[in-house]
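Student: Hi, I have a structure open and would like to go through it piece by piece. Could you help me read it?

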Amino acid sequence: MKKILMLGTGGTIACKRGEYGLKPLISSDELLSYVPDAAQFCQADSLQILNIDSTNMQPKHWLTMAEAIEAHYEEYDGFVICHGTDTLAYTASALSYLIQRTSKPIVLTGSQKPINMDITDSKTNLLDSFVCACDGRIPGVQIVFGGAVILGTRARKTYSKSFGAFSSINYPVLGVVQDNCLVPY
């Protein structure tokens with residue numbers, strides 16, 4: 001069974017109902033409890049490295065993420081990073097250059113609605129991210145959001161309210177996740 005490390009950084013996915021964007025209050029351990037199906041195909045561990053709104057993300061935080069991956073690189077088969085959507089594409093691009101030539105998937109995801117809401121994209125995005133990280137056929141830094149797998153250096157947030165918030169710019173999507181299966185292109 002694959003071992004995946006989920007890194008928590010904050011963002012809307014980790015906010016309590018009604019407290020969008022400003023106060024991420026749900027820990028990475030709690031986030032894992034919302035996707036129990038992940039245990040069917042991987043052993044997931046979590047590590048809370050930040051707890052900030054993504055509008056406050058700075059280069060020093062990118063270094064913190066890269067250092068956490070480096071410190072645990074040999075222990076895990078892949079990584080999932082929970083992140084706010086406002087700067088998720090910037091972080092994915094930065095990590096693509098900070099962590100080059102990796103043979104392991106480093107998957108960033110987030111959500112438009114907090115994970116503890118009844119109608120939310122967060123549970124699907126998080127579970128899809130674990131599917132992609134466990135599969136291993138698409139290595140490197142990528143964003144999994146709205147079922148699409150997007151190369152980290154080609155992602156852009158194009159919609160602020162749609163569950164399919166991210167697009168791949170001038171490059172095809174790397175694949176899609178459907179019914180807990182990765183379909184690479």
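Student: Let's start with α3: which strands does α3 lie across?

Tutor: This is a predicted model, and in it α3 lies across β3, β4 and β5, running at about 160° to β5. Another helix, α2, lies across β1, β2, β3 and β4, and its direction is at about 155° to β2.

Student: What order do the strands have in the open sheet?

Tutor: The open sheet has eight strands in the order β2-β1-β3-β4-β5-β6-β9-β10, and the pairing is mixed. On average, neighbouring strands of this sheet are turned by 25° against each other, if direction is ignored.

Student: And which strands stand at the edges?

Tutor: Those are β2 and β10 (181–184), and because each has a single partner strand, one side of each is left without a neighbour in the sheet.

Student: How many bridges join β1 to β3?

Tutor: Five bridges join β1 to β3, and these two strands run parallel. If you want one place to look at, G8 stands opposite C82 in β3.

Student: Ok, new topic: the largest nonpolar core. Which residues touch the most other members?

Tutor: That core has 28 residues, and I69, I81, L95, L108, I143 and F166 are the ones that touch the most other members. Among the elements that give two or more residues to this core are the helices α2 (59–72) and α3 (88–98), together with strands including β1 (2–10), β3 (78–82) and β5 (140–145). There is also a second, separate core of 27 residues, which includes A14, V107, L126 and F130. As a general background, nonpolar side chains in soluble globular proteins tend to be buried together.

Student: What does I143 touch, then?

Tutor: Not counting residues up to four places away in sequence, I143 touches L88, A89, A92, L108, A148, V149, I150, A155 and F166.

Student: What about T109, is it buried or exposed?

Tutor: T109, which is found in strand β4, has 0% relative accessibility and therefore counts as buried. Beyond residues up to four places away in sequence, its contacts include V80, I81, C82 and H83, and also N125, L126 and S129.

Student: N125, L126 and S129 are in α4, I think. Which residues of α4 are buried?

Tutor: In α4 the buried residues are S122, N125, L126, L127, D128, S129, F130, V131, C132, A133 and C134. Eleven of its 14 residues are buried, so α4 is largely enclosed by the rest of the structure.

Student: Last one: S168. Which backbone oxygen does its side chain reach?

Tutor: The side chain of S168 reaches the backbone oxygen of Y171 at 2.5 Å. S168 is found in strand β8 (residues 166–168), and because buried means under 20% relative accessible area, S168 counts as buried at 17%.

Terms used
Residues numbered from 1 in each chain as written. Predicted model: local features only at pLDDT ≥ 70, side-chain atom pairs only at ≥ 80, totals over all residues. Heavy atoms only, no water. Buried < 20%, exposed > 50% of the residue type's maximum accessible area, 1.4 Å probe, protein only. Helix = DSSP H or I, 4+ residues; strand = E, 2+ residues; numbered from the N terminus. Core = buried A, V, L, I, M, F, W, Y, C linked by side-chain atoms within 4.5 Å. Contact = heavy atoms within 4.5 Å. Polar contact = N/O pair within 3.5 Å; in protein donor to acceptor, adjacent residues only side chain to side chain. Pairing = 2+ DSSP bridges. Axes fitted to C-alpha atoms, helices over the stretch in contact; angles between N-to-C directions.
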